Amino acid sequence: MASTRAKPTLPLLLALVTVVIPGPGDAQVSIHPREAFLPQGGSVQVNCSSSCKEDLSLGLETQWLKDELESGPNWKLFELSEIGEDSSPLCFENCGTVQSSASATITVYCEWQGQGLGAGRLAGHMTALKSPTVT
Ligand SMILES: *[C@@H]1O[C@H](CO)[C@@H](O)[C@H](O)[C@H]1NC(C)=O
């Protein structure tokens, strides 16, 4: 409750937090977003983060192309691309000797034929499909 904003004791607080951090057994990895909905072949950025403060290694398990974009002391941002079907990428961590993992759910939808037609055109496309005229 007590606000510590702008207090000069911040470095001290940080030091305390470091000391008070529970053992690795309490560390949890989390994944963001937990759900993604994207066109087939699309890409998504996934942030794996952890409460682990010691000897952390973080990774992301996926069958898709994976790039590590950025990372911080306890998180890593990945981009998955060319996602072909529904899948569940998994963030995992080793925190000391303890492992944990968290998964997300990716749902892909089919983009209609025709390059250059963005998803925004879907509605128009569907209308076109209903018309009896076929060329
Ligand atoms: C990833 O998540 C962590 C923890 O929530 C956050 O501190 C960090 O800024 C995030 N990174 C990006 C690039 O969003």
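**Starting point: a loop with a cis bond**

Select P33, which is found in the loop between β1 and β2 (35-39); strands here are DSSP runs of E with at least two residues, helices are runs of H or I with at least four, and both are numbered from the N terminus. The peptide bond that leads from H32 to P33 is cis, with omega near -5 degrees.

Before moving on, note the conventions. Residues are numbered from 1 along each chain as its sequence is written. The model is predicted: local features need pLDDT of at least 70, side-chain atom pairs count only at pLDDT 80 or more, and totals for chains, interfaces and linings use all residues.

**Overview and confidence**

Display the whole protein as a cartoon. Its secondary structure comes to two helices and nine strands, and from the N terminus on the elements run α-β-β-β-β-β-β-β-β-β-α.

Now colour by pLDDT, the predictor's confidence in each residue, from 0 to 100. The protein averages 78, and 62% of the residues score at least 70. Over residues 12-25 the pLDDT is below 50, and this stretch has ten contacts in the model beyond near neighbours in sequence; a contact requires C-beta atoms, placed from the backbone, within 7 Å of each other. Residues 121-134 also stay under 50, and for them the model has three contacts beyond four places in sequence.

Of the contacts between residues at least 6 apart in sequence, 59% join residues at least 24 apart. Buried residues make up 16% of the 135 residues in the protein; a residue is buried if 20 or more other C-beta atoms, placed from the backbone, lie within 10 Å of its own, exposed if 12 or fewer, and partly exposed in between.

**The four-stranded sheet**

Select β1, β3, β6 and β5. In the order β1-β3-β6-β5 these four strands form an open sheet with antiparallel pairing, where two strands pair if DSSP finds at least two bridges between them. β1 (29-32) and β5 (65-72) stand at the edges with a single partner strand each, so one side of each has no neighbour in the sheet. From one strand to the next the twist averages 20 degrees, taken between the N-to-C directions of lines fitted to C-alpha atoms, on a scale from 0 to 180 degrees.

Next, take β5 with β6, which pair in the antiparallel sense over seven bridges and form a hairpin with two residues between them. How many of the eight residues of β5 are buried? The count is zero, and β5 is hardly covered.

**K76 in β6**

Centre on K76, which lies in strand β6 and stands opposite C48. K76 counts as buried because it has 21 C-beta neighbours inside 10 Å. Leaving aside residues up to four places away in sequence, K76 touches C48, L58, E68 and S71. Then draw a distance from the C-alpha of K76 to that of N47: the two are 5.7 Å apart in space and 29 residues apart in sequence.

**Around the ligand**

Select the ligand and its shell: N47, S49, E70, G72, W75 and L77 surround it, a residue being included if its C-beta atom, placed from the backbone, lies within 6 Å. The elements that give two or more residues to this shell are β3, β5 and β6.

**The three-stranded sheet**

Move to β4, β7 and β8, which form an open antiparallel sheet in the order β4-β7-β8. Its edges are β4 (56-61) and β8 (98-103); each has a single partner strand, so one side of each is left without a neighbour in the sheet. Here the twist averages 15 degrees from one strand to the next. Six bridges pair β4 with strand β7 (residues 90-95) in the antiparallel sense, and the bridge partner of L60 in β7 is C91.

Select D55, in the loop between β3 and β4. Although D55 is not a glycine, its phi is positive, about 45 degrees. D55 is exposed, with 10 other C-beta atoms within 10 Å.

Finally, select E82, in the loop between β6 and β7. E82 has a positive phi of about 55 degrees and is not a glycine. E82 is exposed, with 10 other C-beta atoms within 10 Å.

Technical notes:
Contact = placed C-beta atoms within 7 Å.
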